[in-house]
Amino acid sequence: MPYLIFEDSLRVDLLPITFSRPAFMIRMGIFTSKERWEKVLGSSCYPLAYSYLQSLYTEPFRADTYICINGRLLPSDELLRLAGELAPKKYYTDAEGHILLTSISLDDQTLPPKGLITRDYLDSLGYEEVLTAISPKIISSLSDIFSLNREFIHFDFKLVTQKG
């Protein structure tokens, strides 16, 4: 199943950086979030960015269903497991209310307003929220770009140096 990396409404917490690039294209550590997810998944992640930035990226090829990943997340084994167990018409959130993952079928998909996957958008499609016990590393503010950079560097270094 193809992957789509998305922005949510909390992109505004990363302004002014997100005026010129989506949150998933902010370089932290060695990679951007998009590059990091692609390396972990071994597959391309098609970007879904805020409307005026979307024209900078290629359109995803048409597939029946996409696994959608919040572009502000640092990959983890828990998130990868959850992505493999995605149920239709559900979206997964953490205790702080961040949308982590969902799957979207083209049957019920029109591009989300302004290119953002939000609770309102998913609720309008009849999706059910599932609260998870996962506490992922997520870029929530500008200061996280600096305070979490060490963790991102260590994570990325392992990706670059792993064998096989």
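A search of the whole structure, which is a predicted model, turns up zero disulfides, a disulfide being a pair of cysteine sulfur atoms within 2.5 Å. Cys45 takes part in no disulfide, and the nearest cysteine sulfur, that of Cys68, lies 10 Å away. Cys45 is buried, with a relative accessible area of 2%, and Cys68 is buried at 1%. Here buried stands for under 20% relative accessible area, exposed for over 50%, and partly exposed for the range in between (1.4 Å probe, protein chains only).

Attention now turns to helix 6. Helices (H or I, at least four residues) and strands (E, at least two) are DSSP runs numbered from the N terminus. Helix 6 covers residues 149–161, and its 13 residues, at 1.5 Å a residue, should span 18 Å; the end C-alpha atoms are 18 Å apart, so the two values agree. The expected span is 1.5 Å times one less than the number of residues.

The buried residues of helix 6 are Phe152, Asp156 and Leu159. They cover an arc of only 50° around the axis, and therefore sit on the same side of helix 6; the arc is taken over the directions from the helix axis to the C-beta atoms. These buried residues pack against strand 2 (27–28), strand 3 (31–32) and helix 1 (33–41), with contact meaning heavy atoms within 4.5 Å. The face turned away from the buried side of helix 6 carries the exposed residues Arg150, Phe157 and Lys158.

Residues are numbered from 1 along each chain as its sequence is written, and side-chain values use heavy atoms, with hydrogens and water left out. In this predicted model, local features need pLDDT of at least 70 and side-chain atom pairs count only at pLDDT 80 or more, while totals for chains, interfaces and linings use all residues.
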